[in-house]
Amino acid sequence: MNARAPAILDHLASLADTTRSRILLLLDRHELTVSELCGIMQLPQSTVSRHLKALADAGWIAARAEGTSNLYAMTRELDGSARRLWLLVREQVGPSAAATQDQRRLQAALAERRTKSQEFFSSSAGQWDRVRDEMFGDRFHLSALAAFAEREWTVGDLGCGTGTVSAALAPFVARVVAVDGSAPMLQAAKKRLQQFDNVDLRRGDLEALPIDDARLDAATLMLVLHHLPEPERALAEALRVLKPGGRLVLVDMLPHDRDSYRQQMGHVWLGFSDEHMQRLLSKSGFEDVRIVSLAPDAKAKGPGLFVATARKPRKHENTKSD
């Protein structure tokens, strides 16, 4: 007669899949629907449902009906071995890039749920937001923020791509210098920016910008740094072309584990942590570094983003010239 295997071996089998551990991290403190889990983890419903069934069969989670949906949560009556195992798994999986992204999207999902529960659109304010979006779109305020730039500024759109940032800046500043290394990208940017006579399109590498020293009042690096093998060289070049006191605005991805991006889109870096970005900017000579994670967009499929701002010291001598 075969002896029954220790219960902890069954528990280990249930948590062997990383996706199940990520689900439990989310359900450890919150009740969530299948739809919410799909949005947070960016996985299809069939995948999430399959893993939920496996966890439910193993006694890790329980469900309760609410209206037409089921809410899932982690079981509170775990036996001692399961509880000890979960504490260990939570400690190891919690800091991972995927789990960190899950937690960011979880907060956005909970905020959306709170908004719905308050019946926002039954209020006059909610009606105005809806009417305003229908009339003017939901992004006009973002375009208008470019008006914070001074009208006499020269701004560099470094890694301009198809020119979306240049198009937002051009109405508000004296001049935009838009640089990209891709001829097809610059051709698309030229078409988009043809209405502006203050945008100077230039082909060149971010590690060797075709701009003289201390020419820019401000510069942007929007979702380009992760493509560069040596991002510190691009940051050093940005510092060189900025005037003393000039500002840099940089947007890029938070750390993630989507290794397929390397092959599909030529990404070299799978995001940057706050500490990594702080170190890169400081070593490049920037000061007043500030890094803020951006609120996740519920419609976005990609990793979370951050914005970093930094300033070139006012007393700074460039050591490199064109």
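This is a predicted model: local features need pLDDT of at least 70, side-chain atom pairs count only at pLDDT 80 or more; totals for chains, interfaces and linings use all residues.
Strand E4 spans residues 175-180. It is mostly covered, with 5 of its 6 residues buried.

Strand E3 covers residues 154-158 and runs parallel to E4, joined by 5 bridges. Thr154 has Arg175 in E4 as its bridge partner. Between these two strands the chain passes through helix H9, residues 164-169. This β-α-β crossover is right-handed.

Strand E5, residues 199-203, also runs parallel to E4, again over 5 bridges. Here Val176 is bridged to Val199 in E5.

Strand E7 takes up residues 242-253 and runs parallel to strand E6, residues 216-222. The two are joined by 6 bridges. Thr220 sits opposite Val249 in E7.

Asp252 has Phe306 in E9 as its bridge partner.

The pairings are set out below.

| Strands | Sense | Bridges |
|---|---|---|
| E3 and E4 | parallel | 5 bridges |
| E4 and E5 | parallel | 5 bridges |
| E6 and E7 | parallel | 6 bridges |

**Helices H2 and H4**

How do the axes of H2 and H4 cross? Helix H2 is residues 18-27 and helix H4 is residues 45-57. Their axes come within 10 Å and cross at roughly 80 degrees. An angle of 65 to 115 degrees counts as roughly perpendicular, so H2 and H4 are roughly perpendicular to each other. On the H2 side, the contact is made by Thr19, Arg20, Ile23, Leu24 and Leu27. H4 contributes Val48, His51, Leu52, Ala54 and Leu55.

**Cysteines**

How many disulfides does the structure hold? The count is 0. A disulfide is a covalent bond between the sulfur atoms of two cysteines. Are Cys38 and Cys160 buried or exposed? Buried means under 20% relative accessible area. Cys38 has a relative accessible area of 14%, so Cys38 is buried. Cys160 is at 6%, so Cys160 is buried too.

Notes:
Residues are numbered from 1 along each chain as its sequence is written. Side-chain values use heavy atoms; hydrogens and water are left out. Two strands pair if DSSP finds at least two bridges between them. Helices (H or I, at least four residues) and strands (E, at least two) are DSSP runs, numbered from the N terminus. A disulfide is a pair of cysteine sulfur atoms within 2.5 Å. Buried means under 20% relative accessible area, exposed over 50%, partly exposed in between (1.4 Å probe, protein chains only). Axes are lines fitted to C-alpha atoms, for helices over the stretch in contact, and angles run from 0 to 180 degrees between N-to-C directions. Angles under 35 degrees count as roughly parallel, over 145 as roughly antiparallel, 65 to 115 as roughly perpendicular and the rest as oblique. Contact means heavy atoms within 4.5 Å. A crossover is right-handed if, with the strands pointing away from the viewer, the path from the first strand over the helix to the second runs clockwise.
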